[in-house]
Amino acid sequence: MYHFSKKFLATAMFGALLACSAHAATINIHNGGDPQSLDPQKLSGDWENRIAGDIFEGLVTEDAKVNPIPGQAESWTISDDGLVYTFKLRDGIKWSDGQPVTAGDFVFAFQRLMDPKAAADYAYLQYTIKNAEKINKGEIADASQLGVKAIDDKTLEITLENPTPYFINSLMHYTAYPVPKHLVEAKGADWVKIGTIVTNGPYKPVEWVPGSHVTTAKNDQYYGAANLKIDGAKFFVLEDQEAALKRYRAGEFDILTDFPTDQYEWMKKNLPGQAHVAPFSGLYYYVINSQTEPTKDKRVRQALSMAINREVIGPQILGTGELPAYSWVPPGTANYDEPSYVSWKDEPYKQKVEEAKKLLTEAGFGPSKPLTLQLKYNTNDNHKRIAVAIAAMWKPLGVNVELVNAETKVHYDQLQRGDVQVGRAGWLADYNDPDNFLNLLVTGVPMNYGRWSNAEYDKLIKDGNLEKDLKKRAELFKQAEKIALDDSAALPIYYYVSKNVVSPKISGFEDNVQDIHRTRWLSIKE
Amino acid sequence: MLSYAFRRLLSTIPVLWIAVTACFFVLRLAPGGPFDGERSLPPAILQNLAAHYNLDKPLIQQYLYYVGDLLRGDLGPSFSSEDFNVAQQIMIGLPYTFTLGMTAFALAIIIGVAVGCLGALYQNKMPDYVLGAMILVGVVFPNFLIAPILQLVFGIQLAWLPVGGWGDGSLKYLVLPVVVMALPHAGRISRITRGSMIEVMNQNFIRTAKAKGIGPRLTVMRHALKPAMMPVVSYLGPAASYLLTGSLVVESIFGLPGIGRYFINAALNRDYGMVLGTVIFYMVLIVFLNLIVDIAYAWLDPKVRNR
């Protein structure tokens, strides 16, 4: 049995208290686009997450560095077989209308998430819960079969399909936020309208002008309200990054959540210390079709992978210093330590090119029979720059590349139909665990665009996910990763970085691999 | 006049219906669907979403549903917003777009007509050249270039105006976006006014007015301006519909609410309901504005009125 003490939270709170001794104010955050919804079970995306995570709180929540800490649950226990989690809710937790938050609200929210009629995009993230997938697929009609039960108002029991080491991490995700049962039942879909909505997080939404901004204000009913240094936030919609930077310079924004890469050098000089570039759990990679000629041949895939000079892409082509990727799981991912790397990682580039040439010759390609490939990417300046550079790197191998770009929807439609030889893709982790990346290469998974299939790999991933011992699990996963890399199942190119610009007025902003920065940990000096 | 207006509006219904039908089916021909994206959703989830939005029904049935809803005045849901349907989104954006558009429209007319008249009166003299060159800048440079320059100069270097945002909707927030929107139209209006004014000023009735000893100012204001405005008015219809449907560039650079971004974003996101909703809205607006232009024509020109 394992028990999560309050001490952890107390330490985190105290730390935050020390960090923020400035007086209260509001903060202006540049948030890209308009949120799809404020309803936590109807979201997908980063813009939504920034708002939802400020206004709702799950059983488990994140500290400034996005480690899991007790949220609405003050503690939990896990059964010896790793299947049953029992959460004890904090005393006195309330919705912003003063109604108590009960275990029933969580049961209601999870059932709602899995309801096929609700059609939640991200329901599958919680498929680890018993019967969740079957209910969501309509195979079980009775929602009460879901493995989420209220023992009493203060005690919630969640039963899983299999022991899942990252389950606590996945509870930080917005799909696991509660919703006010009393209000949703009374108002239906309108519960989420400004003026009606009630929330249980540190803040509550008070204004939404679509196309302009969402405003939040302190939720006085929140158990930690007294410790909040910021009274509220404005999340601004602004698609144009150059314009966002100008508004930041004019003092209209305090935090930018992205910036144009070509401005990085200028910012380093003119806004020293304000541009934060930090490792982010995401991978930029090229899909390679392993079902059709010529990339069906493993030697061709490996040759193409080896000839990509990854070292120049981050520093020179993008200019923001993205780190070269030689593994499938980004380093720093939880429950994993060091990932497996391709065997030729540390060879000098010249040698890689020589070996690549040899591989292509073995595969039957050469001056008399040049290899011609189509490289597809979704229309975007950076994707184009990288595609042009990689085509140039493949040129010395005698590979002729035809670049084909399409808007995002069309591009991903092609990838999904397998209508691709080599194509650009990217993956940002939903939760901090290697499974989230490794799953992309499992046979039959929709995101396995290259249709790579390896029985041993699939078995290792399956076994790994049934393994309770985290060390053994990581070992199984690493073996699987090695198989995928040795077979060049896809071509990892670089690990994403998060790009924020943070005003010197703000303190408490901690770079982290998930790029989540909740307002409650920040403070602002006027 | 009223019955004329009514007949005009009525005659647009079949046009509207053809446009909606064509748009509905052409949209579905475009590759990629509303739920394709960086993250492919599992088949079960896609199935749930399709059922939720009736996308799993045969296309013709979806079309009948859509037209049925439309006849009841329901523009349907938008895939990119759970909390606001298509009609709600248009109603939310409209006041902002109209405020910006009408202000820009008024500014474009005032600047355009004034500059055009001055140009005509000082034809091929210094004021004509200087003003003409200045106004040409507004026509030649695209708004996505002018807007950032204005932001940099007035928002950051001089810090006179906010760089972007709607703020409380006060004038200082409107200045830059309105100027950016008005400039190209002011330019074109001034060219049209100048040309037309030069022509009118050479007409016999102006010569008569001059011969009677009426001063140049009165000649222009009382006799020349009204006939010279005819070509300008025919330009104003399209200009107004252009300005009142909002501007993607202005909205996304200045971070303003409005309907200008809806159409393009919806098309890119395969947000079928939103594309159709904006198409219908644009068509109704354009028909309405053209009607106003025709009425203005009748008022300006007795020849049209009595025909």
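Two residues are in contact if their C-beta atoms, placed from the backbone, lie within 7 Å. A residue is buried if 20 or more other C-beta atoms lie within 10 Å of its own, exposed if 12 or fewer, and partly exposed in between. Helices (H or I, at least four residues) and strands (E, at least two) are DSSP runs, numbered from the N terminus.

## Model and numbering

This is a predicted model, in which local features need pLDDT of at least 70 and side-chain atom pairs count only at pLDDT 80 or more, while totals for chains, interfaces and linings use all residues. Residues are numbered from 1 along each chain as its sequence is written, and chains are lettered from A and ligands numbered from 1 in the order in which they are written.

## Helix 3 of chain A

Helix 3 of chain A covers residues 103-114. The expected span of a helix is 1.5 Å times one less than its number of residues.

The buried residues are Ala103(A), Asp105(A), Phe106(A), Val107(A), Phe108(A), Ala109(A), Phe110(A), Arg112(A), Leu113(A) and Met114(A). They pack against strand 5 (84-89), helix 4 (132-136), strand 6 (148-152), strand 7 (155-159) and helix 6 (181-187) of chain A.

## A cis proline in chain A

The peptide bond from Glu293(A) to Pro294(A) is cis, with omega near 0°. Pro294(A) sits in the loop between strand 12 (275-288) and helix 9 (298-306) of chain A.

## Overall build of chain B

Chain B has 14 helices and 0 strands. Its C-alpha trace spans about 85 × 55 × 30 Å along the principal axes. Of the 307 residues of chain B, 37% count as buried. Among contacts between residues at least 6 apart in sequence, 70% join residues at least 24 apart.

An unreviewed UniProt entry lists residues 12-30, 98-122, 129-150, 170-187, 232-254 and 274-300 of chain B as "transmembrane region". UniProt positions are given here in the numbering used for the model, feature names are shortened, and annotations may be inferred rather than shown by experiment. In the model, residues 129-150 of chain B are 91% helix and 0% strand, with the end C-alpha atoms 24 Å apart. Residues 274-300 of chain B are 100% helix and 0% strand, and their end C-alpha atoms are 38 Å apart.

## Helix 13 of chain B and its neighbours

Helix 13 of chain B (residues 272-300) has 29 residues, which at 1.5 Å a residue should span 42 Å; its end C-alpha atoms are 42 Å apart, in agreement. Buried in this helix are Tyr272(B), Gly273(B), Met274(B), Val275(B), Leu276(B), Gly277(B), Thr278(B), Val279(B) and Phe281(B). The cover over the buried residues includes helix 1 (2-29), helix 4 (86-121) and helix 12 (260-269) of chain B.

Helix 4 and helix 13 of chain B pack at an angle of about 50°, with their axes 9 Å apart. Axes are lines fitted to C-alpha atoms, for helices over the stretch in contact, and angles run from 0 to 180 degrees between N-to-C directions. The pair is therefore oblique (angles under 35 degrees count as roughly parallel, over 145 as roughly antiparallel, 65 to 115 as roughly perpendicular and the rest as oblique). Val86(B), Ala87(B) and Ile90(B) in helix 4 of chain B meet Gly273(B), Met274(B), Gly277(B) and Phe281(B) in helix 13 of chain B.

## Helices 5 and 7 of chain B

Helix 5 (residues 126-140) and helix 7 (residues 171-201) of chain B pack at an angle of about 130°, with their axes 7 Å apart. That makes helix 5 of chain B oblique to helix 7 of chain B. The contact is made by Ile135(B), Leu136(B), Gly138(B) and Val139(B) of helix 5 and by residues of helix 7 including Leu183(B), Pro184(B) and Gly187(B).

## Positive phi in two loops of chain B

Asn54(B) is not a glycine, yet has a positive phi of about 65°. Asn54(B) lies in the loop between helix 2 (43-52) and helix 3 (59-71) of chain B and is partly exposed, with 13 other C-beta atoms within 10 Å.

Arg270(B), also a residue other than glycine, has a positive phi near 55°. Arg270(B) is in the loop between helix 12 and helix 13 of chain B and is buried, with 24 other C-beta atoms within 10 Å.
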